[in-house]
Amino acid sequence: MQSSLQGGFVSGEPLLSVEDLTLHYRTRGGAVRAVDGVSFDVKRGEALVILGESGCGKSSLARALMRLLPRNLAHHSGRVWLGETPISELSDERFRREVQWSRIALVMQASMNALNPVVKVGEQVAEPLRELKRWPRRRAIERAAEVFQRVGLPLDFMARYPFELSGGMRQRAVLAMALVAEPELVILDEPTSALDVLTQAAIMNVLKEIKAEQGTSFILITHDVATSSELADRVALMYAGELVEACSAARFFGEPAHPYSRLLMKSVPRLHERERPRAIPGQPPSLLDPPTGCRFAARCPDRFARCAESPSAFVPGGGALEGATKSRHRVRCWLHEPNEGGGHG
Amino acid sequence: MAETPLVEAQGLHTWFELRQWGFLRVGAVRAVDDVSFTLARGEAVAFVGESGCGKSTLVRTLLGLHRPTLGEVRFEGVSLAGLKSAALKAYRARVGYVQQDPFGALPPFLDVRRILAEPLKVHGVSDRAERERRIRAALAEVRLTPVEEYLGKFPHMLSGGQQQRVVIARALILEPALVIADEPVSMLDASVRVEILELLQGIQRRRGLTLAFVTHDLTTVRHYAERIFVLYAGKVVESAPVNDLLDAPQHPYTRALLAALSDPDAANATRLREVPGGEPPSLIDPPAGCRFHPRCPSAMPGLCDREVPPDFTPRPGHRAACWLHDPGAEDPNHSIIIDGRQASGRGGPVHDVSQ
């Protein structure tokens with residue numbers, strides 16, 4: 001508990017390790033490869049942002065991690081460890097009892113609209129404790145009250161019903177519910193995209209404080225580059241079902257390596273710069289039948305023959321600048337293959 | 001003599017009456033409350049505000065879908081209030097509307113050709129060949145080419161960006177003088193957003209039409225609008241040319257909005273942003289005086305909570321409805337607040353979490 005008091009503390013060992021996570025959906029047109037062999041890890045106290053445009057598979061990734069699988073599932077595989085626990089090996093029942101809410105909590109997109117309309121907000125926030133930990137009501141409500149204050153909700157709101165709260169208040173309540181059982185990892189899927197600018201900033205403030213005070217790890221899934229920088233220690237950029245670059249936030253927002261990362265950063269309008277944002281020409285490929293080579297090749301200004309032929313591996317990037325293999329910087333691009341890049345970089 | 005502005009809104013109020021048991025008047029939602037502005041021909045402006053500030057009601061009032069409770073909208077010098085239904089229909093042909101959610105705005109069972117033919121039919125273009133010619137021209141203008149590939153497609157077969165292009169083509173097909181775009185890109189990805197905004201701007205400049213954006217996103221407006229109106233709780237609190245407003249905001253609400261926004265930067269993660277407490281007020285029973293005063297860091301008790309601030313002009317062309325800019329007042333804080341860092345809107349993050 002000592003370390004959690006130090007703000008922004010990130011420990012050395014990974015809390016969550018994901019290896020080769022795959023989730024394909026069955027459709028009439030064939031299998032949609034929404035998540036296609038994704039590997040990453042998150043350290044204790046670290047916030048990883050999974051950034052990507054709509055349809056890149058980032059929400060499916062959250063569902064695959066939490067085992068919220070759709071009926072038209074075609075394929076789900078991959079190994080996931082949470083600390084020492086191989087959670088991908090657990091039965092569904094054990095996963096639900098031992099991992100969901102208590103160790104990993106998920107705040108889904110627009111989940112503020114999923115609160116039960118006929119149950120008081122305070123009771124709902126206490127529910128994970130009563131259901132999963134079998135806490136007596138009184139103790140659970142006391143703990144819920146603590147979390148209520150932590151997320152910036154007045155205590156008398158515990159006795160209100162969801163319709164009596166504004167959108168921002170409801171989103172705070174959902175966040176309180178996710179935090180109430182003190183999970184080690186909180187996955188947030190577009191937690192603020194439906195909210196106004198000021199509400200958004202206030203909720204990001206709450207997340208930063210919780211991260212600094214309690215050392216909770218976060219995975220923030222979003223398409224919004226500017227908002228992602230409000231929490232990120234690291235950024236993993238997803239494109240067409242795959243991660244294309246994973247690196248520190250400083251690197252990603254400063255000098256990313258993958259051509260898609262660079263173009264994406266240039267498409268973001270900036271408040272204090274006169275330079276016009278630029279669109280990325282073209283469209284992402286269909287996930288029914290993605291290209292055999294690099295999935296970004298068709299839109300890439302730096303492509304060369306090899307890009308269309310075969311996919312690049314997810315290799316250490318950064319070249320000679322940082323001890324390449326030691327760093328956690330990974331790029332999926334032929335320009336950065338150790339034996340390929342030199343002449344083209 | 002000065003040219004007549006394309007649109008003049010004068011003292012516009014759009015209130016929705018609240019009734020109990022169907023007849024007892026118990027109050028009103030003051031969604032638009034005393035808003036005045038003029039839009040020149042060929043100008044691109046943005047109305048910026050958070051949800052519930054009345055911006056959609058303002059749009060619907062401009063489109064002639066709501067009758068204002070008080071005040072009037074004049075289009076090319078003619079008041080909308082006096083228009084009979086035939087004249088109102090003719091007015092609607094002069095105003096294009098680009099909706100927020102392109103998929104929701106397009107009828108799912110019509111193909112692109114029929115979607116674009118609809119407004120032409122309604123407005124009396126009965127010649128089939130003429131309709132076809134204009135449909136093709138509109139698709140080419142929004143760069144859905146080769147046109148043949150798109151004519152027979154249904155909305156669900158198009159990407160979000162392509163759907164929004166069809167919506168824009170539909171808004172343009174009657175050659176309007178004014179296009180109102182209500183959050184035209186909020187449902188789209190970053191790179192597609194830029195494409196659509198560039199497209200709208202290109203068309204606006206080529207055709208010399210007036211474009212009114214409604215948005216909550218201040219970061220995109222700099223390049224696509226010339227003037228900005230900031231709305232809060234049913235009122236315009238500040239208006240100015242875009243660079244003046246973004247670089248030297250004069251109203252505390254605008255400053256708060258700008259301070260809450262970030263440019264992507266890894267340092268953001270270790271700083272808290274300054275956010276005014278509370279939430280926008282109810283439009284049924286808004287606060288007396290300035291509607292922002294309960295949340296305003298510079299509120300002056302006795303003045304801001306009592307008197308509604310009129311529009312002051314702190315700089316040429318820059319209007320702010322805020323008592324801080326009252327030239328008659330000898331307020332010692334006056335100069336501190338309007339110069340330097342605070343006024344630049346870059347105030348942004350102040351506290352450091354990691355320390």
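In H9(A), the buried residues include A:Pro259, A:Tyr260, A:Ser261 and A:Leu264; a residue is buried if 20 or more other C-beta atoms, placed from the backbone, lie within 10 Å of its own, exposed if 12 or fewer, and partly exposed in between. Helices (H or I, at least four residues) and strands (E, at least two) are DSSP runs, numbered from the N terminus. The model is predicted: local features need pLDDT of at least 70 and side-chain atom pairs count only at pLDDT 80 or more, while totals for chains, interfaces and linings use all residues. Residues are numbered from 1 along each chain as its sequence is written, and chains are lettered from A and ligands numbered from 1 in the order in which they are written.

The cover over the buried residues of H9(A) includes H7, E9, strand E10 (242–248) and H8 of chain A, together with helix H8 (190–207) of chain B. The interface itself brings 41 residues of chain A into contact with 36 residues of chain B, where contact requires C-beta atoms, placed from the backbone, to lie within 7 Å. On the chain A side, helix H6 (197–214), helix H7 (225–228), helix H8 (249–254) and helix H9 (259–267) each supply at least two residues. H6(A) gives the largest share, eight residues. By class, this side has 20 nonpolar, twelve polar and nine charged residues; Ala, Val, Leu, Ile, Met, Phe, Trp, Tyr, Cys and Pro count as nonpolar, Asp, Glu, Lys and Arg as charged, and the others, Gly among them, as polar.

Two strands pair if DSSP finds at least two bridges between them. A:Leu185 stands opposite A:Ser217 in E8(A).

In soluble globular proteins, nonpolar side chains tend to be buried together. Here the largest nonpolar core has 196 residues, and A:Val125, A:Ala176 and A:Val180 have the most contacts inside it. A core of this kind is a set of buried Ala, Val, Leu, Ile, Met, Phe, Trp, Tyr and Cys residues joined through C-beta atoms within 7 Å. Its largest share, eight residues, comes from helix H5 (residues 167–179) of chain A. Neighbours within four places in sequence aside, A:Val180 is in contact with A:Val125, A:Ala126, A:Pro128, A:Leu129, A:Arg143, A:Ala144 and A:Val147.

Chain A as a whole has ten helices and twelve strands. Its radius of gyration, 21 Å, is close to the 20 Å that the globule rule gives for 345 residues, so chain A is as compact as a globular protein of that length. The radius is taken over C-alpha atoms, and the rule is 2.2 Å times the number of residues to the power 0.38. Of the 345 residues, 49% count as buried.

Chain B has 13 helices and 14 strands. Buried residues make up 43% of its 355 residues.

Terms used
Two residues are in contact if their C-beta atoms, placed from the backbone, lie within 7 Å.
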